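Let's learn to read a protein model together, one feature at a time. Please have the sequence and the 3D view ready.

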Amino acid sequence: MWHIAKRELYDNLNSLRFALATVLLLGLMLTNAAVYLHEQPKRTQKYNAAVTESVNDLTVRADSLYTLAREGPGLLYKKPSSLRFCAEGGEPFLPNVVGGAFLWSISGGLKGFWRLNYPSTTPNLTDIRPNVTKVDWAFIIGYVLSLIAILFTFDAISGERELGTLRLMLANPMPRYTILIGKFLGALISIGIPLTLAVLMNLLLISTSSAVQLGPDAWERLGIIFFIAILYTGLFLALGLLVSTCVSRSAVSLVILLLIWVTFVVFVPSTLASIAGGFSSPMSTDELWQRRGELYAKRWERYDAYFAERVERSKEIQFKGEHVIAEAEEQERVNEEHLAQQIDQVKFARRTTQISPIAIAQHLIESFAGTGFERHLQFLENTRTHARQFRKFIADTDSGDPESSHIIGIRQGMSEKPVSPAAVPKFEDTLNLNQDFNAAMMDLLLLVLLFVVLLSGAYLAFVRVEV
Amino acid sequence: MMTLIRRELLDNLMTFRFAAATFITLLLVVANTFVLIIDYERRLASHNDAVKMHQRQLQEKITYSAGEVRVDRPPNPLSIFNVGFDKRLGNEIEVSHKLVPSLWDAGMHGSDNPFMDMFASMDIVFIFEVILSLFALIFAYNAFAGEYESGTLRLVLTHPIGRGKILVAKYLSAMLCLIVPLLMSLLLSIILLTTSTSISLNSDDFLRIGGIILTSVAYLSVFYLIGLLISAATRRTSTALMLSMFVWGFLVLVYPNVILTVIPRPESPDALRTSAFNRIENIWETFDRERKHYLATDDFPGEDWGYELRGWGWRSEGFRDYPRILLYTYRSVMDFEGFGEKDEPKMPHAQKHFGFLGAQTIDAADRTWLIRKPALEEIFIQPANMERVWLKLSPVGVYDAATQAWAGTDLLGIRDFFHAARQYRQSLTNFFYDHKVFESRQWFSGDKGAADWSGLPQFAFQRDDINTNAKRALPDVFLLLMLNVVLFIVIFLIFVKSEV
């Protein structure tokens, strides 16, 4: 087996395609690193500046517990991933901040309380530059590497059959699967060499630069991404072997492979996504505003009804506080619902595109690079957790003050003491590898399954093939 | 000659690759046309809703100063072929005397789920870009190399036919084969388009589609000739094939995406922006001084811009600036439903003041535009155009630009809409002057009858006629044709000199 692998390897190393693939991969990976080193420091700087500003704002608000509770914890920013060069993951289309909102006044001269509010990225309407895909690892692996894999294997079996060397090889006393595996390994190694080389050059450039630091966690993630790249390449190699075995002529084999590649890699993801997106229509922005307005009006009515008759003072404050809190909670629920519907639509569309291996690979790379949609969902979850912590902090601080009457939502009912800004919980946008791994397990298994199916398909075809 | 063409044609038509090419192109184009039509219908519905909403909002306003006239850009039905900027740039804009509207002031309606923008959208030209070029290379790689290897080339050359004729025969027959899937799929998609009730194509649109077809054929031919060149130069099928595939990957996949990150992105000159903005600021500061001067020297003591009118309603005033896009404007809105007794004597003064203010605002806005227009051009348009030139180094870029121009979804096509909006602003201000709207009581109050919006000039945007599209597309089409001719000559020279 190793003998065959070695022979394949030598064959490939001397070939034109090996040289071209090396040049192509190296060029792309170096471009990727250069662009990343140019952009990442700016991104980090912007994030740090924004966070600092957000913390400063908090200090201003912390002069009384009421103001702090009413105006909320400020803007919560998404931490840029240091592995952005692996996958852009549609980040420009995702908002990088979750804010809050508070109304200056709601019914009865009361002031509105803080609620979570999810901004949507408004597309940059002044951007008239040509539209291009970012050359990230996901692009290089997804498109270029798969194409190279096909070009390395389309004639693996059919070419030898045309030349007649296949018959010669089969005359040797060795089982057929050895030949197949040997060929597979030979091709995998011959692609692995330029890939590894390119990846190493890329990482060398990035890790030696002082502008960005990659932690140990990042290297772990990079390792996994590299493994995914190899698996994905293997999948296309297996596909190439399968088609090459089934078809007697290399030219036909290549045409078939290219058709499969073009369909599944280039067209299926976006076409299916738009079809799948059409199945559901989430709450529109107008609808959202309308629902909010209705809820607001209802609250207002309830408020009026309550104060239609005389109410004693202690109960009045109690009611007003509850009124303010309920208003904020209601609005937040609508916001939440609106967001959930949008997310469901995207999730459905993403799941549909997983028919195509490139979509699976790209989702995997995104989730390990800490970018993209899954990461955004994690970020949203983090902000929700923070909102809960923040509210708990307010309640705890308030109950710690004996002078307060513990009615949250209204100034008279709350602690008058200033809050130390350092005590306010800080928002921390964390990335957890375990969590990513669990989420990605499904995709990874799917990819492995596809690989196994294709490889065993190639095996079965090869065993039965007549020479 | 005819025999040769027939032989080549039959050779090509009976192959697996021809069947595969036709099948897959048809499949992709039809499937995507369905998706694109649905998408277009959705955008059209959203456009119609927006138009209705803007009209309703305008009618609800009882004073002229509170009314916002908004106009909407309809989606372009030919965006199905090449979407260009049609979905990306703003599609609604306020037209008012306060500001000369431009692309940079536009807003956007229509996307209910911005997350969905993460998925790349596809149009028919993109399918052709990718798949037709691939097929052209697959058809070409063994045209010479294959015949050379099998020895038939020598056989053919023993006949008393010129080598040029053989080359032409090969070229013509292969192009005929390649055009079949192109035309069939386009025909099917046009049939689908005409069956959709919401899309109405006029004769100009069919001519535009004709232009797109012409450009597609030229594009196809470029890639076929590239394939032929490789085939004639390498003389070995396997090498030719490998080289063709890598050339394809580079031209279609890698180059268009990489080049813009490799070249230094032309940063918009900050000094230019600052100086332009300072001049604009000056205009409005002068405007503000004159406004205050008027109020101070008015025969009625009117330090307050609203003459301290007290009534049922609201008023607001302010400057708005946004240096990034050189936006600067002044806005004063009053919306009163009625006044007290005391206010009546102030009315003539207020009316005179707003008449003065209206004329001043229009003048300042016009002067701002004179500075803003060239500055925006230099800051935004020129760098973008530079990048577009870089993209045109690959035939894919040329093809994309040309088809965008035919479809009218290129930058110029979108800017036509804003040009129309500026013209509409002109007729709107003329209407305001003619009907003495600024001096009228309805400018700030609806108590003696609300503002009459029915007489307002109507906005209508017609896409430019086919001549304009042709004028914009032809340079790129010529570029493609030139590329064809050059490639053909090179191949001819190689083929004539080659030994068999």
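**Reading the model step by step**

A: Let's begin with one residue: V97(A) is partly exposed, because 16 other C-beta atoms lie within 10 Å of its own. The labels are as follows: a residue is buried if 20 or more other C-beta atoms lie within 10 Å of its own, exposed if 12 or fewer, and partly exposed in between, with C-beta atoms placed from the backbone. This is a predicted model, in which local features need pLDDT of at least 70 and side-chain atom pairs count only at pLDDT 80 or more, while totals for chains, interfaces and linings use all residues. Residues are numbered from 1 along each chain as its sequence is written, and chains are lettered from A and ligands numbered from 1 in the order in which they are written.

Q: In which strand is V97(A) found?

A: V97(A) belongs to strand β2 (residues 97-101) of chain A. Helices (H or I, at least four residues) and strands (E, at least two) are DSSP runs, numbered from the N terminus.

Q: Which residues is V97(A) in contact with, leaving aside its neighbours within four places in sequence?

A: Two residues are in contact if their C-beta atoms, placed from the backbone, lie within 7 Å. With those neighbours left aside, V97(A) contacts L75(A), L76(A), Y77(A), K78(A) and P119(A). By contrast, 58 Å separates the C-alpha atoms of V97(A) and R464(A), which are 367 residues apart along the chain.

Q: How do I read the sheet around β2(A)?

A: Strands of a sheet pair through backbone hydrogen bonds, either parallel or antiparallel. Here, an open sheet of 3 strands in chain A has the order β1-β2-β3, with antiparallel pairing. The edges are β1 (76-77) and β3 (115-117) of chain A, each with a single partner strand, so one side of each has no neighbour in the sheet. Strands count as paired if DSSP finds at least two bridges between them, and β1(A) and β2(A) pair in the antiparallel sense over 2 bridges. Within this pairing, Y77(A) stands opposite V97(A) in β2(A).

Q: How many bridges join β3 and β4 of chain B?

A: Strand β3 (residues 311-322) and strand β4 (residues 327-339) of chain B run antiparallel and are joined by 12 bridges. R315(B) stands opposite M334(B) in β4(B).

Q: What should I look for in a loop?

A: L326(B) is not a glycine, yet it has a positive phi of about 60°. L326(B) lies in the loop between β3 and β4 of chain B, and L326(B) is buried, with 23 other C-beta atoms within 10 Å. K436(B), also not a glycine, has a positive phi of about 50°. K436(B) sits in the loop between α12 (411-434) and α13 (466-497) of chain B, and K436(B) is exposed, with 12 other C-beta atoms within 10 Å.

Q: How do I describe two helices that pack together?

A: Use their axes, which are lines fitted to C-alpha atoms, for helices over the stretch in contact, with angles that run from 0 to 180 degrees between N-to-C directions. The axes of α4 (residues 137-153) and α9 (residues 250-277) of chain A come within 10 Å and cross at roughly 165°. That makes α4(A) roughly antiparallel to α9(A); angles under 35 degrees count as roughly parallel, over 145 as roughly antiparallel, 65 to 115 as roughly perpendicular and the rest as oblique. Residues in this contact include Y143(A) of α4(A) and W261(A) of α9(A).

Q: At what angle do α2(A) and α4(A) pack?

A: Helix α2 (residues 16-61) of chain A and α4(A) pack at about 180°, with axes 11 Å apart. They are therefore roughly antiparallel to each other.

Q: Is I191(A) buried or exposed?

A: I191(A) counts as buried, with 28 C-beta neighbours inside 10 Å. The place of I191(A) is in helix α7 (residues 176-208) of chain A. Beyond residues up to four places away in sequence, I191(A) touches A21(A), I148(A), A149(A), F152(A) and T233(A).

Q: How many residues does each chain give to the contact between chains?

A: The contact takes 54 residues from chain B and 48 residues from chain A. On the side of chain B that touches chain A, α8(B) gives the largest share, 15 residues.
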